Amino acid sequence: MAKSNCTQVTEFTLMGFTADPVIHVMLFQVFLLIYLGTILGNLGIIMLIKTSPQLHSPMYYFLGNLAFVDLCFSTVVTPKMLADFVLEEKHVTYAGCIAQVFVFDILGIAECFLLATMAYDRYVAVCHPLVYSIVMSPKLCFRLVFGSYLIGLVNSMSHTMGVLNLSFCGSKVIDLYFCDISLLISLSTSDTTLNRTILITSASLYGISSILLVLSSYIAIFSTVLGIHSAKGKCKAFSTCASHLTVVSIFYGTSFFMYLNPRSENSRAEEKWAVVLYTVVTPVLNPLIYSLRNKEVKEAL
């Protein structure tokens, strides 16, 4: 009977950060600069890799795809957030919200597995340098990248199809600046047991498997490096991994805080800023880290 009287929500309201217009102006300027830096930095990395012969290697092939994912990842969230800073009504249509969830989930999981793939690439380079060119063949590199996007697509489709079967008849306020799958499920008036099970299962399956691959790769790398007797050899081995390890630490650190931190009303503001690090700041940091810490990228520049 409740379902028959249900009027399906046609749009959602995004709460954002604050209602203070003065703070809106400040945040608009800050996030606009960050977004411009994200566009220029990641497009610059992509173009540099395509035009520099010395960067035509598996490591930079993966880096180019990571830059592409970061660029799209930020674009899914930031333009809408910037528009909401200058608009009085912060609405997003039902279709727009579903589309944002769909693309966001693809890119989030794809980035997880691209970072894991890059860790495996560094493992082969450091631990098995003599067979590196044979193991990391162009065909394998393409399959690893394609597999990352495919896993992201499968994950996103499972969430999106589940959300499309939900009814939204009550509150339409999302206490964030974009449509997050977990918050969207919590607003539904339907039975969300299956949706929550899928969300927890996929997060555990994909998140834990990717981080285990990263950890196992770096454990093997550190074991190999510690066995190198010359200080110059150790420094060279660590330098090939430093940039990627920094990016991994930032990405997984912020994402774990976002999804594993117990939620409460008192920590809601802190959680929003953690989400900003995950969705807005990380994509602009990645090209800076690889530009400043990577010798080959600096030489190409």
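Is Gln100 buried or exposed? Gln100 is buried, because its relative accessible area is 10%, and the cut-off for buried is under 20%. This is a predicted model.

**Overall fold**

The protein holds 10 helices and 3 strands. Read from the N terminus, the order of elements is β-α-α-β-α-α-α-β-α-α-α-α-α. The protein has 301 residues, and 48% of them are buried. Contacts reach across the sequence. Among those with a separation of 6 or more, 79% join residues 24 or more positions apart.

Two packed helices are described by the angle between their axes and the distance between the axes.

| Helix pair | Axis distance | Crossing angle |
|---|---|---|
| H1 (residues 21-51) and H2 | 9 Å | about 160° |
| H2 (residues 58-86) and H3 (residues 94-127) | within 9 Å | roughly 160° |
| H2 and H5 (residues 138-164) | within 10 Å | roughly 20° |

Take H1 and H2. Their axes lie 9 Å apart at an angle of about 160°. The two helices are therefore roughly antiparallel to each other. H1 crosses H2 in the left-handed sense. Sorted by class, this contact counts 20 nonpolar, 7 polar and 1 charged residues.

Next come H2 and H3. Their axes cross at roughly 160°. Angles over 145 degrees count as roughly antiparallel, so H2 is roughly antiparallel to H3. The crossing of H2 past H3 is left-handed. On the H2 side, the contact includes Pro58, Met59, Phe62, Leu63, Asn65, Leu66 and Val69. Further along H2, Asp70, Cys72, Phe73, Val76 and Val77 also take part. H3 contributes residues including Gln100, Val103, Phe104, Leu107, Gly108 and Glu111. Leu114, Leu115, Thr117, Met118, Asp121 and Arg122 of H3 belong to the contact as well. The H2 and H3 contact residues divide into 16 nonpolar, 4 polar and 4 charged.

How do H2 and H5 cross, left-handed or right-handed? The H2 and H5 crossing is right-handed. The axes meet at roughly 20°. Angles under 35 degrees count as roughly parallel, so H2 runs roughly parallel to H5. From H2, the residues in this contact are Pro58, Tyr61, Phe62, Asn65, Phe68 and Val69. From H5, they are Cys141, Phe142, Leu144, Val145 and Tyr149. By class, the H2 and H5 contact has 10 nonpolar residues, 1 polar residue and no charged ones.

H3 has 34 residues. Its first and last C-alpha atoms are 50 Å apart, close to the 50 Å expected at 1.5 Å a residue. H3 is mostly covered, with 26 of its 34 residues buried.

Gln100 lies in H3. Which residues touch Gln100, leaving aside neighbours within four places in sequence? They are Val76, Val77, Phe178 and Cys179.

**Helix H5 and Ser148**

Ser148 is found in H5. Ser148 is buried, with a relative accessible area of 2%. Neighbours within four places in sequence aside, Ser148 is in contact with Ala110, Phe113, Leu114 and Thr117. Cys112 is 36 residues from Ser148 in sequence, yet their C-alpha atoms are 8.1 Å apart.

H7 covers residues 193-226. Its 34 residues should span 50 Å at 1.5 Å a residue, and the 48 Å between its end C-alpha atoms agrees. The buried residues of H7 include Asn195, Ser202, Tyr206, Gly207, Ser210 and Ile211. Val214, Ser217, Tyr218, Ile221 and Val225 of H7 are buried too. An α-helix has 3.6 residues a turn, so residues three or four places apart point the same way.

Ile200 is also in H7. Ile200 is exposed, because its relative accessible area is 57% and the cut-off for exposed is over 50%. Ser182 lies 18 residues from Ile200 along the chain, and their C-alpha atoms are separated by 9.9 Å.

Note on methods: Residues are numbered from 1 along each chain as its sequence is written. This is a predicted model: local features need pLDDT of at least 70, side-chain atom pairs count only at pLDDT 80 or more; totals for chains, interfaces and linings use all residues. Side-chain values use heavy atoms; hydrogens and water are left out. Axes are lines fitted to C-alpha atoms, for helices over the stretch in contact, and angles run from 0 to 180 degrees between N-to-C directions. Helices (H or I, at least four residues) and strands (E, at least two) are DSSP runs, numbered from the N terminus. Angles under 35 degrees count as roughly parallel, over 145 as roughly antiparallel, 65 to 115 as roughly perpendicular and the rest as oblique. A crossing is left-handed if the near helix is turned anticlockwise from the far one by less than a right angle, and right-handed if clockwise. Contact means heavy atoms within 4.5 Å. Ala, Val, Leu, Ile, Met, Phe, Trp, Tyr, Cys and Pro count as nonpolar, Asp, Glu, Lys and Arg as charged, and the others, Gly among them, as polar. The expected span of a helix is 1.5 Å times one less than its number of residues. Buried means under 20% relative accessible area, exposed over 50%, partly exposed in between (1.4 Å probe, protein chains only).
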